[in-house]
Each structure stands twice: as C-alpha cells, then as structure tokens.
Amino acid sequence: MGDVGCSHFATYIKEFGYDSFTVVHAYFSACIGKEARRRKALSCLCHKCGGSGPQLFSCLHCIYFGCKGAHINEHYKLTKHFMALELCYGMLYCYQCRDFIYNSECQAIAERHLRREARSLNKSLSWRPWSPSKLEIELLLKNPKRRHVTAYSSIGLRGLLNLGSTCFMNCIVQALIHTPLLRDYFLAELHECTSKTAAKCLVCEVSRLFQEFYSGARGPLSLHRLLHLIWNHARHLAGYEQQDAHEFFIATLDVLHRHCKISMTELAANVAAAAAAEKSQQQPQNQHSNANFHLPQGSLQQQLLQQSTSNAQSLPSTTTGAQPMAPNATNATPADPNPAQCNCIIDQIFTGGLQSDVVCQACNGVSTTIDPFWDISLDLGESSNSQGYGGPPKSLIDCLERFTRAEHLGSSAKIKCNTCKSYQESTKQLSMRTLPIVASFHLKRFEHSSLIDKKISTFISFPSELDMTPFMSQKKSDQQQNPLPGGADRKASSHSTDNVGANGSSTTATMAGASSSQGDEDRGSNGGGNGSQHSRDTADFRYSLYAVINHVGTLDAGHYTAYVRHQKDIWVKCDDHIITTATLKQVLDSEGYLLFYHKKILEYE
C-alpha cells in the first residue's frame, strides 16, 4: 500500500464507483433501518455453507457472501474479485494487498450509516476508535515532535503552591489529576462549555489545570483561580482558614457535577433542536427506507436487493421464529438503580449505588432503598451494639464488614410497617448495589462531640489491591439464610427510615442525587432475567489503590499530604510544591484519611 492508500481500490473505484459499497454497507453491515435489518436477517448467508457467521465477507464485484477464510478465499481464486467488505465491522479488504485497507470517503459513508442506524434503533452510537479531525490533523502536522513518556518521566507531575493553609485543596487536586479516566476525558478536550464566560466555569478551569500538568513544564502551579471559583460556588469553604480535605472533595465533585449537568442539558437541547430541524427537512424524501439510494436499472446493487427480496419470499415462515427474541432481550435488561443519575463524567466515574434493606421482624417484609453515593465514610471508633462486635476496626476490610453488617435497630427505634400497620422492631443492612469506577473511602478520624473534639490516629491497614465482591448486594443476599420456607416470596413493604449505619455507627454515604425505593418484587423483576444474572456472574469488582491522602498533626494544627500513583508501580509523595519519590511500603504504612481505588477491569455498555 502506497502513501495515498490502496492502488487496487483506486482502480476499483474508477470502474464501479462508491455505489456498491454504499448499498452493501447500508443494508448488510450498518443496517440503517427496519427494512435493512430484515434483508440482512433473511439473505445475508454464506453462499457456500449457508451459515450466518461469525464473520461474513461480501464481494463488492458481484452478489456473493462468504465466511471468513476458505469460503471467501475460494471465491476470490475462482473469480479474481479482489475487493470485499467485512460485514461485522464494515472494513474494506483487498485480496491483492492481503490486508484491510482505509479510504476516507468510505469511512465518511460508513459514519453516516452508523448515525442512521443509531437513530433508527433509538440508541447511542457504538464505540468507535479515535480518528483525528481536520483541526487535529493540522496540529499534528504543525507539531511533528513527539514526547516519549518513559518510566522515569515527570510529565503529569507538578507541585502546587500553598496559598495559605490550602494544603487540603492541593491534595484533592493531585488525586483528581491522577484519576485515569478523568485525565483521559480532559486531555481529549471533551468538555464543551456553553457558559457565556468560560472564566466562571469550574469544569473549564479543571480542564486548563490538566493541560498545565501535562504540558511538560516542571514549575509549581498556583490554584488561585480554582480556589476563587470554589469560594463562589461553595460559600461555606470561603476563607483562608484550614478546611477539611474530605469536605472540599465532596464540594468540588458537587460543583463539577452541577456545571457538567447544566452544560449537557444545554447541549442536548441544541442537538435535539438541530435533529428536529433535520428530520422535518428529510421527511418528504424518506417515504421508503431506500429512498436515498437511486440505483440504475439492472445495476449490481439493484440485483443484490432484488435477490434478497426474492430470498425472503422463498424462505419458509419458520425462519422468522427468532424475531420475538428482541422483546425478551429488552426484558432481561436490569433497571437502572438510580434513574435520576445524569451521564456527566463525574457521575460516570464516581457514582455508585448503596442499597439499604430494612426487614420487619414481625412479617419479614423488606423495604429496599437504593441511594447514589460518591464516597463511603467509615467509622473508626468502637461499635456500641449487643452483638459482640465492640472492638475498633484494624483494617479497611474490618470497616467495610462493619459497614455492611446487619444491625438490629432495637425497641427504641421501631419503624412503622405498612404491611403490619403498626410500629415494629426491624433489622437494617447496607450493601453495594452498584460500584463506581473510582471507589473513595473516607476514614472518619475527626471526632466531634459536645464534650471534646479529637483526632483518631489509630493505624488502619489498607491493601493495594481490594476485592469488593463480599460487600455487593447480590453476594450478601446469597449468604443470608432465610428462616422461612417461602422466603423467596417475601412481601415488600414500605418503612420510614433514616440512613442509620450498621451497628449503631453513623455510617455515611455521600449522596449524589435522588434515591429510588424498591421492594423485593422489583429486585426480582430486575434480576430475574438470564442477561442480568450473566452480567452479575461475569462482573469484576477488583480495585487497585492509586491515591492516599494523609493528615498529620492535630485538629488545631495539622497538614495534608498525598501519595499518588504516577505510573504503574511508581508512587510519588505530594507535599504542596515538593514532589518526591515514594515506595509502595511507605504508602501502605501511612495513616490514611482518604483512600482512592480504581476499578481494574472496566465493563463497557
């Protein structure tokens, strides 16, 4: 293949043009409409074996479908038709080059078809590999020099000036900067600001900070603009006195979330208006699904469509027996535990679902509430309960086990059961319904009471690799032994409860939006399908530590520092403007105040 692309494809285009590619891709690869999907289902079969895959090729010279490998290769050897289209991903293949090839015009046609397919199915566009825009191509050509990132590269590391007791802010910014998906989002410049003045947008300022961190410069940065914006949007943090790092973290996520949500709403409104205008313009032209393709009489493309129609008429009616599977597949999809959740980058990365199950001791009715959260706050003090778990926790696992342990609320905290129509004793258990990509844990080291305020400096061990499977709602429900023979048919009831943590502790999940309440019937309908069961069985809940924020000193005179994972197995300590290397042992031996874990395996929707 030369610098200008495949010369064989250029020869093919001179003889046949783009019409064959356009029709084959529209009807047998992208499937731009209902009619196209019907044609593909009935006629897109290997001419040699009659199979439908798993990977079919279509000859672009004649009417022939063949399986990858021997069948399509045999067709090429017999006919010397060298150009084919792989139908699963819509890629061109040249048999003379013996390789897949790229053509910008075909790529543009394919992208138009994929947009039409997504609109036809009322779904978002499927994941596509990155391809540079015209502006990006120009920038790449103007800047041919590339920076090679090595294991000892300092790119992405910048110290932060202390503006007067602002170490709490510096540590949170270092943790956010080293959050992988957040970094990818902002370095790809995916944020589109709709504010009249970008100077007032916190998301724009964070995007600018990412550019500064990864510019290659080494000097320390000043966060005065970020601090000023936080003061404007979170007035309780205004001033130069020392603030709590956890409080600043939640306030920052909240402001970023609100700004992203406003921006996304405005952009969605603009897109909807543009789509409505485009639809009104195209409606007179689209009376039929293939109205956009004007094919000459007797052409190859028309023969192809005519053959698929005749095949559909000649096939027995039993071939359509698979069509009713589509509604079943829809029913198998589990419901969103947080319907009020937006799809901004903050929610995508940090939002999880906390499930609370309250069981009436009289009728065994269950009230299930699912609340979105950004982080989990864990008590470090002794647990006051009657179940014999009174000792303080010694590790993060101990904290999580206590957080998700069933608690008997007792006679002093009776709850009105709607099934019993009276106040009854009950038990409550918290568990993780869904986990975010980034799981952040807040160890509650600052204890405030009417008598004294103190800091808990107890060492709490935490692992570098964390498996959250034992704390998931499904795992907890599997472990519970139901004393009733008909326990699977527990009645769903509604209770009025406060978010009290397990075993009397004030366990806190920082909420990210509205909550949704469901009974056991809802959980059964959501989780009863094979598809949802399969997703639970194959889900991976392993996490890897990537940032730790520590507080040294006392409540009155303290200082925040942070450990962040710069690259794989490479840790650094961030102490305001001073950046030094660190070992994993130093990280794990630190006191720990805020712990940030990143999911090891991501499941794409």
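**Cavities, a pocket and packed helices**

Modeller: Let's begin with the largest cavity. Its lining divides into 8 nonpolar residues, 1 polar residue and no charged ones. Keep in mind that this is a predicted model.

Biologist: Which residues line the largest cavity?

Modeller: The lining is made by Val173, Leu176, Ile177, Val206, Leu209, Phe210, Leu226, Phe248 and Thr252.

Biologist: What volume does the largest cavity have?

Modeller: About 70 Å³.

Biologist: And how many cavities of 30 Å³ or more does the structure hold?

Modeller: There are 3 of them.

Biologist: How do you find empty space, in general?

Modeller: A probe the size of a water molecule is rolled over the atoms, and that shows where space is left empty.

Biologist: OK, pockets now. How much space lies in the second largest pocket?

Modeller: About 1000 Å³. Its lining has 19 residues. Leu140, Arg146, Leu187, Gln211 and Tyr214 lie nearest the centre.

Biologist: Which helix gives the most to that lining?

Modeller: Helix α6 (residues 134-142), with 4 residues.

Biologist: How does the lining of this pocket divide by class?

Modeller: It has 10 nonpolar, 4 polar and 5 charged residues. Recall that the lining of the largest cavity has no charged residues.

Biologist: Let's switch to helices. What do you use to describe a packed pair?

Modeller: Two things: the angle between the axes and the distance between them.

Biologist: Then take α8 and α9. At what angle do they pack?

Modeller: About 95°, with the axes 9 Å apart. Helix α8 covers residues 180-187. Angles of 65 to 115 degrees count as roughly perpendicular, so α8 and α9 are roughly perpendicular to each other.

Biologist: Which residues meet there?

Modeller: From α8, Leu182, Arg183, Phe186 and Leu187. From α9, Val203, Val206, Ser207, Phe210 and Gln211. By class, that contact has 6 nonpolar, 2 polar and 1 charged. Some names come back here. Val206 and Phe210 also line the largest cavity. Leu187 and Gln211 are among the residues nearest the centre of the second largest pocket.

Biologist: Now α2. How far apart are the axes of α2 and α5?

Modeller: They are 10 Å apart, and the angle is about 30°. Helix α2 is residues 19-28, and helix α5 is residues 104-121. Angles under 35 degrees count as roughly parallel, so α2 and α5 are roughly parallel to each other.

Biologist: Is the crossing left-handed or right-handed?

Modeller: Right-handed.

Biologist: Which residues of α2 and α5 meet?

Modeller: Phe21, Thr22, His25 and Ala26 in α2 meet Cys106, Ile109, Ala110 and His113 in α5. That makes 5 nonpolar, 3 polar and no charged residues.

Biologist: What about α2 and α3? Are they roughly parallel or roughly perpendicular?

Modeller: Their axes cross at roughly 85° and come within 7 Å. Therefore α2 and α3 are roughly perpendicular to each other. Helix α3 is residues 34-43. Ala26, Tyr27 and Phe28 of α2 make the contact with Ala36, Arg39, Lys40 and Ser43 of α3. The classes are 4 nonpolar, 1 polar and 2 charged. Ala26 also takes part in the contact with α5.

How values were computed
Residues are numbered from 1 along each chain as its sequence is written. This is a predicted model: local features need pLDDT of at least 70, side-chain atom pairs count only at pLDDT 80 or more; totals for chains, interfaces and linings use all residues. Side-chain values use heavy atoms; hydrogens and water are left out. On a 1 Å grid over the protein atoms alone, a cavity is a set of points where a 1.4 Å probe fits but cannot get out, and a pocket is an open set with protein on both sides within 12 Å along at least five of seven lines; lining residues have an atom within 4 Å of a point. Grid points are joined across faces, edges and corners, and a volume is the space filled by probe spheres set on the points. Ala, Val, Leu, Ile, Met, Phe, Trp, Tyr, Cys and Pro count as nonpolar, Asp, Glu, Lys and Arg as charged, and the others, Gly among them, as polar. Axes are lines fitted to C-alpha atoms, for helices over the stretch in contact, and angles run from 0 to 180 degrees between N-to-C directions. Helices (H or I, at least four residues) and strands (E, at least two) are DSSP runs, numbered from the N terminus. Angles under 35 degrees count as roughly parallel, over 145 as roughly antiparallel, 65 to 115 as roughly perpendicular and the rest as oblique. A crossing is left-handed if the near helix is turned anticlockwise from the far one by less than a right angle, and right-handed if clockwise. Contact means heavy atoms within 4.5 Å.
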